[in-house]
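Here is a short report on one protein model. Look at the sequence and the 3D view first, then read on.

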Amino acid sequence: KALWKAQLSGEVLAPPETQEGTVVARAGDGRVYGLDAATGKRKWVYQRSTPALSVRTHAGLVVDRGAVFVGFPGGRLVALSLSNGNIGWDAVVALPRGATELERVSDVTSLPVLDGRQVCAVAFQGRVACFDATRGTVLWARDISSLAGLAVDSRYLYLTDDKNAVVALDKTSGASIWRNS
């Protein structure tokens, strides 16, 4: 039996995340909702403007230690407060560049990856970057584009670039370790 149902502004393309009595869902129009886990009532909503053209993605969000990490079209990574949706920080993964709308598509199209005190994200037609999870300051960045996303282990960060090569980077410095095309 369903306990509650909540109507959002657009279709939900990724599974919601929950922590500390809040269900966090991302709508297809870019809005992020914080819902009460017991009642489904809206606690907060975060909305930002989106570029004229973006990649349709099923990327959701990551909730960890009272923070919500979300990547957006336009190459932005945002940290929100889980309790009230207030913005903690807004960082640039990649800046859109080019003469046409299509060339300027620079979207974070996959889940951010949390690793201890850093959070990393990658943008299509952009770069991969790691940030201090608390302050949002950039720790390192590399010009590598990806639609597929990231993975991390105890030493390295892995990604598949836009030419389908698997790349391993040192997760503390961003230095190239290996590449397999």
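Asp-132 has a relative accessible area of 11%, so Asp-132 counts as buried. Here buried means under 20% relative accessible area, exposed means over 50%, and partly exposed lies in between (1.4 Å probe, protein chains only). Asp-132 forms a salt bridge with Arg-135, with the closest N and O atoms 3.3 Å apart. Arg-135 is exposed, at 59%.

This is a predicted model: local features need pLDDT of at least 70, side-chain atom pairs count only at pLDDT 80 or more, and totals for chains, interfaces and linings use all residues. Residues are numbered from 1 along each chain as its sequence is written, and side-chain values use heavy atoms, leaving out hydrogens and water.

## Other salt bridges

A salt bridge is a side-chain nitrogen of Lys or Arg within 4 Å of a carboxyl oxygen of Asp or Glu. The whole structure holds eight. One of them joins Arg-76 and Asp-90 at 2.9 Å, N to O. Arg-76 lies in strand β7 (residues 76-81) and Asp-90 in strand β8 (residues 87-92), so the pair ties together parts 14 residues apart in sequence. Strands are DSSP runs (E, at least two residues), numbered from the N terminus. Arg-76 is partly exposed at 22%. Asp-90 is partly exposed at 32%. A network of salt bridges links Arg-48, Arg-76 and Asp-90.

## A four-stranded sheet

Four strands form an open sheet in the order β9-β10-β11-β12, with antiparallel pairing. Strands pair if DSSP finds at least two bridges between them. The edge strands, β9 (113-115) and β12 (138-142), each pair on one side only. β9 and β10 (residues 118-122) pair over three bridges. Val-113 stands opposite Cys-120 in β10.
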